[in-house]
Amino acid sequence: MFMKTSEFEQQFTAWLDGKLSPKEAATFEQEMRDRGFDPNAERFAAASTTALLRKHSQSPTLGHRDFFNHQILHRIENDLEKPEAVRSGQRTWWGIPWLAWAGAACLLIAAVLFKNLIPVGGGSLVERSTYFATVVDARTFEKTVSASTVYNPRDNVTVLWLDGLDYLPADFVVQ
Amino acid sequence: MTLRLLALLCCAAALLPSPLHADDKVWSAVLFATNVSSPKEPPDELKPIAARLKRVFGYNQFEIVGTDQEEVNDGVERQLKPTKTFWLNLKARHASIKEARGGYLLNVQLYQDKRALVDTVALIAPDSPLFFRGPLHAKGQILIVLQVTP
């Protein structure tokens with residue numbers, strides 16, 4: 001917890017540092033006198049204290065200066081190189097070869113899914129057959145003759161079945 | 001803009017029906033199906049479908065009595081005469097439906113000599129034979145095959 005400095009103390013510090021205007025300094029010196037302080041004595045005491053502290057309180061000197069300098073430089077260099085490395089990494093990941101490989105992989109996956117998940121014309125050989133022959137309409141010219149369409153789905157054969165035709169004897173030669 | 005126009009034209013071209021294949025042909029054959037103790041090997045033309053024919057018609061031997069082939073032209077009437085006795089009169093229209101795979105809508109009349117047996121409209125994809133079960137003959141059966149060959 002920090003103790004809040006009073007306005008008098010702040011002004012005292014500013015007076016010591018010579019940051020008060022001559023008028024403010026004169027007013028503050030008068031206030032000091034009113035409070036029972038001698039401005040000259042106080043300034044002398046503060047200067048003596050500062051000199052004493054400077055003399056006996058030296059800042060610690062770091063050893064291995066070269067090592068620490070190297071460490072600091074290394075860290076600065078890393079900070080400078082990082083964005084470039086990230087950018088070059090992005091280029092590598094999204095480059096044309098990677099896109100090509102990704103496209104090929106997608107096609108392969110799509111082909112495998114298509115082959116395994118989408119049925120093509122059913123399972124049996126007959127269902128997969130490309131056979132297509134269908135009778136749309138048929139009419140005969142004689143009452144005794146009839147025509148009917150027979151489609152055998154197992155063998156994939158369409159027959160226009162004519163019934164009532166005259167029997168052809170063995171001596172009848174089909175020319 | 002030019003690329004978009006080009007892509008649009010390509011899509012439109014892909015959606016248009018495929019043009020007629022000038023070299024498409026319609027092939028017909030008259031077969032004689034019989035049951036014999038030692039059946040002959042089916043002719044080369046029938047080998048791909050011989051097993052199916054056996055199952056569907058119940059005969060174990062199929063012989064070709066005669067064949068005929070004509071080029072298909074859209075809307076042009078053709079006569080196929082695999083034999084003098086059994087022959088066909090047909091008119092072809094290019095079929096645009098997907099299942100026909102570039103096949104034809106055929107208006108076919110089957111004749112026995114001068115006698116019209118049947119008038120039919122059939123949709124046939126290439127290499128998908130349509131069979132006519134004809135009259136019984138001696139100890140067998142007359143069959144007529146009609147097939148579009150690309």
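In the predicted model, 36 residues of chain A are in contact with 40 residues of chain B, a contact being a pair of heavy atoms within 4.5 Å. As this is a predicted model, local features need pLDDT of at least 70 and side-chain atom pairs count only at pLDDT 80 or more, while totals for chains, interfaces and linings use all residues. Residues are numbered from 1 along each chain as its sequence is written, chains are lettered from A and ligands numbered from 1 in the order in which they are written, and side-chain values use heavy atoms, with hydrogens and water left out.

The size of an interface is often given as the accessible area lost when the parts come together. Between chain A and chain B, the buried area is about 3400 Å², and carbon and sulfur atoms give 60% of it; buried area here is the accessible area (1.4 Å probe) that two parts lose on being put together, summed over both. Polar contacts between chain A and chain B number 23 residue pairs, both residues being at pLDDT 80 or more. A polar contact is a pair of N or O atoms within 3.5 Å; within protein, one must be able to donate a hydrogen and the other to accept it, and residues adjacent in sequence count only if both atoms are side-chain atoms. On the side of chain A that touches chain B, at least two residues come from each of strand E1 (133–140), strand E2 (146–152) and strand E3 (157–163) of chain A. E1(A) provides the largest share of that side, with 8 residues. Sorted by class, the side of chain A that touches chain B has 22 nonpolar, 7 polar and 7 charged residues, where Ala, Val, Leu, Ile, Met, Phe, Trp, Tyr, Cys and Pro count as nonpolar, Asp, Glu, Lys and Arg as charged, and the others, Gly among them, as polar.

The structure holds 9 salt bridges over all chains, and 5 salt bridges are found across the interface of chain A and chain B. The rule asks for a side-chain nitrogen of Lys or Arg within 4 Å of a carboxyl oxygen of Asp or Glu. Glu142(A), Asp166(A) and Arg115(B) are linked in a network of salt bridges. The side chains of Arg115(B) and Glu142(A) meet at 2.6 Å, N to O. Because Arg115(B) lies in strand E6 of chain B and Glu142(A) in the loop between E1 and E2 of chain A, this pair joins two chains. Arg115(B) also forms a salt bridge with Asp166(A), with the closest N and O atoms 3.3 Å apart. Asp166(A) lies in the segment after E3 of chain A, so its pair with Arg115(B) in strand E6 of chain B likewise joins two chains. Glu142(A) has a relative accessible area of 27% and is partly exposed; Asp166(A), at 44%, is partly exposed. For these classes, buried means under 20% relative accessible area, exposed over 50%, and partly exposed in between (1.4 Å probe, protein chains only).

Turning to the chains themselves, chain A has 6 helices and 3 strands, arranged from the N terminus on as α-α-α-α-α-α-β-β-β. Chain B has 2 helices and 8 strands, and its pattern along the sequence is α-β-α-β-β-β-β-β-β-β. Helices (H or I, at least four residues) and strands (E, at least two) are DSSP runs, numbered from the N terminus. Buried residues make up 14% of the 175 residues in chain A and 49% of the 150 residues of chain B.

Within chain B, two loop residues draw the eye. Asp113(B), in the loop between strand E5 (104–112) and strand E6 (115–124), has a phi near 55 degrees, a positive value in a residue other than glycine. Asp127(B) also has a positive phi, near 60 degrees, and lies in the loop between E6 and strand E7 (130–137) of chain B. Most residues other than glycine have a negative phi. Asp113(B) is partly exposed at 38% relative accessibility, and Asp127(B) is partly exposed at 47%.

Leaving aside residues up to four places away in sequence, Asp127(B) touches Gln147(B), Val148(B), Thr149(B) and Pro150(B). The C-alpha atoms of Asp127(B) and Thr149(B) are separated by 5.6 Å, although the two are 22 residues apart along the chain. Thr149(B) sits in strand E8 (residues 140–149) of chain B and counts as buried at 19% relative accessibility.
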